[in-house]
Amino acid sequence: MSENAAGTVIVISSHVVRGSVGNRAAVFALETLGHQVWALPTIVLPWHPGHGPSTRLTFAEADFDAAIDDLIRAPWIGEVKAVLSGYFGNAAQARSVARLVTALRERKPELLYVCDPVMGDLGGLYVPQPTAEAIRDHLIPLASLATPNRYELAWLAGAPLEDNTAIMDAALSLGPSRMLVTSAVPMMAGGTGNLYLSGRHALLAEHRLIDKPPNGLGDLLAALFLSRLLSGMEDEKALQLATASVYEVLARAVKRGSDELTLASDSSSLATPMAMVQMRRLLHPAQRRKG
């Protein structure tokens, strides 16, 4: 596949020395599927914080902002078809990325921007509130697609989300034309789901829940779904393939007893997943209101 066919993606998130989270997961997935990638780290860590304390390498706000200026002025910027952002080290970085997306959209209105608002989980926010607020206020409004987990969406919408109807209503209230919500409420026993909402579709992709999963699944899903969309694939097929890939990679890593996703060993699962995913069509909120 040629570079122009696949599309160059700028990926902006955390970098770990050991492991497959943040940029390490997203860049590997996108390159495996044929994309050229420009990768900008927001912080650098020896490993995921869930594995224990480690040194956090950070960038001065002015330096990060200057790097964004460099990207905006880069002579090759016309190659870029999409931007994917994930974890931010501080609120200023989120504002800098908003400036990047806005500048790129001025030249290429069709630019895809995927905002993965990496900020929290069932236990609440794990980034400072100003960082979460900067993502909410500056990046979510620019997103072509946002990919929060259910708990991040609940924080963004300011409401508890106990069922998929509430999830869909919250997703619509935030504004992006497409929303992919992980950790949605499953309809199958012992399962978990990814709920996708657009102007036309309300889809739930479900698979069996696997306990104690390694980190990086959200980073991986956002990258894979973006890749499928860039290829021109229909939303439903893109969701099915991206979900199947993530589930297959997860199942294989857990079977090996690994504490990290084993992407290098499982690259075939990214390109041609074989795992079965239960796809369901839900009642779109717009149809519900008509009724």
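D163 caps the N-terminal end of helix α7, with a side-chain oxygen 3.2 Å from the backbone nitrogen of T165. The model is predicted. Its largest pocket holds about 1,200 Å³ of space. A search of the whole structure also finds 1 cavity of 30 Å³ or more. A UniProt domain annotation, from an unreviewed entry, covers residues 81–259.

**Helix α7**

- Helix α7 runs over residues 164–174.
- Its buried residues are N164, I167, M168, A170, A171 and L174. These residues sit on the same side of α7, because they cover an arc of only 165° around the axis.
- An α-helix has 3.6 residues a turn, so residues three or four places apart point the same way.
- After α7 comes G175, which has a positive phi near 115°.

**The largest pocket**

- The volume of the largest pocket is about 1,200 Å³. Its lining counts 49 residues.
- Closest to the pocket centre are N149, S183, N215, L217 and G218.
- By class, the pocket lining has 22 nonpolar, 19 polar and 8 charged residues.
- S183, one of the residues closest to the pocket centre, lies in strand β8. S183 is not a glycine, yet its phi is positive, at about 60°. S183 counts as partly exposed, because its relative accessibility is 28%.

**The largest cavity**

- The largest cavity has a volume of about 60 Å³.
- Its lining consists of V11, S13, G22, N23, A26, L84, S85, G86, D116, D219 and A222.
- By class, the cavity lining has 4 nonpolar, 5 polar and 2 charged residues.
- D116, among the cavity-lining residues, has a side chain in polar contact with the side chain of T147, at 3.2 Å.
- T147 belongs to the loop between β7 (145–146) and α6. T147 is buried, because its relative accessible area is 6%, under the 20% cut-off.

**Around helix α2**

- G19 sits in the loop between β1 and α2. G19 is buried, with a relative accessible area of 12%.
- G19 and W47 are 28 residues apart along the chain, and their C-alpha atoms are separated by 6.3 Å.
- T32 lies in helix α2. At 31% relative accessibility, T32 is partly exposed.
- T32 and G199 are 167 residues apart along the chain. The separation of their C-alpha atoms is 30 Å.
- H35 lies in the loop between α2 (23–32) and β2. H35 is buried, with a relative accessible area of 5%.

- K212 is in the loop between β10 (202–208) and α8.
- K212 is a residue other than glycine, and its phi is positive, near 50°.
- K212 counts as exposed, because its relative accessible area is 80%, over the 50% cut-off.

**The annotated span**

- The UniProt record names the domain covering residues 81–259 "Pyridoxamine kinase/Phosphomethylpyrimidine kinase". The entry is unreviewed.
- In the model, residues 81–259 are 46% helix and 20% strand.
- The end C-alpha atoms of this span lie 33 Å apart.

Conventions
Residues are numbered from 1 along each chain as its sequence is written. This is a predicted model: local features need pLDDT of at least 70, side-chain atom pairs count only at pLDDT 80 or more; totals for chains, interfaces and linings use all residues. Side-chain values use heavy atoms; hydrogens and water are left out. Buried means under 20% relative accessible area, exposed over 50%, partly exposed in between (1.4 Å probe, protein chains only). Helices (H or I, at least four residues) and strands (E, at least two) are DSSP runs, numbered from the N terminus. The arc is that of the directions from the helix axis to the C-beta atoms. A polar contact is a pair of N or O atoms within 3.5 Å; within protein, one must be able to donate a hydrogen and the other to accept it, and residues adjacent in sequence count only if both atoms are side-chain atoms. On a 1 Å grid over the protein atoms alone, a cavity is a set of points where a 1.4 Å probe fits but cannot get out, and a pocket is an open set with protein on both sides within 12 Å along at least five of seven lines; lining residues have an atom within 4 Å of a point. Grid points are joined across faces, edges and corners, and a volume is the space filled by probe spheres set on the points. Ala, Val, Leu, Ile, Met, Phe, Trp, Tyr, Cys and Pro count as nonpolar, Asp, Glu, Lys and Arg as charged, and the others, Gly among them, as polar. UniProt positions are given in the numbering used here, feature names are shortened, and annotations may be inferred rather than shown by experiment.
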